[in-house]
Amino acid sequence: GRTEIKQEAFSACSNLASVAIPNSVTTLGWCSFASCNNLSDLTIGESVTTIGQQAFDADTSLVKVIIPNSVVSIGGAAFSQCYSLRTMIFGNSVSSIGYAAFTYCPHLDTLIFLSETAPSYGGGFYGGTPDTLNIIIPCGSYHSYSYWFGTQHNYTVPTVGLTMGITSEQPQRGNAICFVI
């Protein structure tokens, strides 16, 4: 089967409502599904390792995206301008998230990270996102995520406790909650 969905392969397919990327695919190219305004049902195959830049940019009907455990890299602006997006779940292998990957997602309210190791991030995350954001990370991964959220994104992750909150010195951007894996 095909291992790559090439750049702009399905870009601006306004009638595309559902996509199931097969397990044979390992790479989603630049803008491969960008501007698919009616895309609301997305299943990313378990063999995809790379989501290219702007792959799902401006897919305004996406509400929830589950990044499978196979994905290692998410390109810049990959989910930018997904105006209906509320929830992102990141599999345990995501090690790199590109610049502005989730900017201008005004309804984004929950990020769930399954990895105990925080991914590197290119910055520019919070432009156009809501004032409150719930971040759920594995218990025991505080130190890994404290740099990711604390230094780059105005979040503080304490080293003790099950519920993590924002310190009074930080902007009130949201809450972080841990879970046991």
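**Parallel strands, stacked rings and a serine contact**

In this predicted model, the side chain of Ser70 comes to 2.9 Å from the backbone oxygen of Glu46. Ser70 belongs to the loop between β6 and β7 (73-74). With a relative accessibility of 17%, Ser70 falls under the 20% limit and therefore counts as buried. Leaving aside residues up to four places away in sequence, Ser70 touches Gly45, Glu46, Ser47, Val48 and Thr49.

The average pLDDT of the chain is 82, and 77% of the residues reach at least 70. Over residues 151-174, however, pLDDT stays under 50; for this stretch the model has 62 contacts beyond four places in sequence.

Strand β6 (residues 64-67) runs parallel to β8 and is joined to it by 4 bridges. Strand β10 in turn pairs with strand β12 (residues 133-138), parallel and over 3 bridges. Individual partners can be followed across these strands. Ile67 has Phe90 of β8 as its bridge partner, and Phe90 has Phe113 of β10. Likewise, Thr87 stands opposite Thr110 in β10, while Thr110 stands opposite Asn134 in β12.

Aromatic residues deserve a look of their own. A search of the whole structure finds 6 aromatic pairs. One of them is formed by Phe33 and Phe56, which are stacked, with 5.5 Å from centre to centre and 5° between the planes. Phe33 sits in the loop between β3 (27-28) and β4 (41-43), and Phe56 in the loop between β5 and β6, so this pair ties together parts that are 23 residues apart in sequence. Both Phe33 and Phe56 are buried. The rings of Phe90 and Phe113 are also stacked, because their centres lie 4.5 Å apart and their planes meet at 5°. This pair links distant parts of the chain, with Phe90 in strand β8 and Phe113 in strand β10, 23 residues apart. Phe90 has a relative accessibility of 1% and so counts as buried; Phe113, at 2% relative accessible area, is buried as well. One aromatic cluster is formed by Phe10, Phe33, Phe56, Phe79, Phe90, Phe102 and Phe113.

Most residues other than glycine have a negative phi. Gln54, although not a glycine, has a positive phi of about 55°. Gln54 is found in the loop between β5 (50-51) and β6, and its relative accessibility of 24% makes it partly exposed. Tyr104 is not a glycine either, and its phi is positive at about 55°. Tyr104 is placed in the loop between β9 (96-97) and β10, and with a relative accessible area of 49% Tyr104 is partly exposed.

Note on methods: Residues are numbered from 1 along each chain as its sequence is written. This is a predicted model: local features need pLDDT of at least 70, side-chain atom pairs count only at pLDDT 80 or more; totals for chains, interfaces and linings use all residues. Side-chain values use heavy atoms; hydrogens and water are left out. Two strands pair if DSSP finds at least two bridges between them. Helices (H or I, at least four residues) and strands (E, at least two) are DSSP runs, numbered from the N terminus. Buried means under 20% relative accessible area, exposed over 50%, partly exposed in between (1.4 Å probe, protein chains only). pLDDT is the predictor's confidence in each residue, from 0 to 100. Contact means heavy atoms within 4.5 Å. A polar contact is a pair of N or O atoms within 3.5 Å; within protein, one must be able to donate a hydrogen and the other to accept it, and residues adjacent in sequence count only if both atoms are side-chain atoms. Rings of Phe, Tyr and Trp (its six-membered ring) pair if their centres lie within 6.5 Å; planes under 30 degrees apart count as stacked, over 60 as edge-to-face and the rest as tilted.
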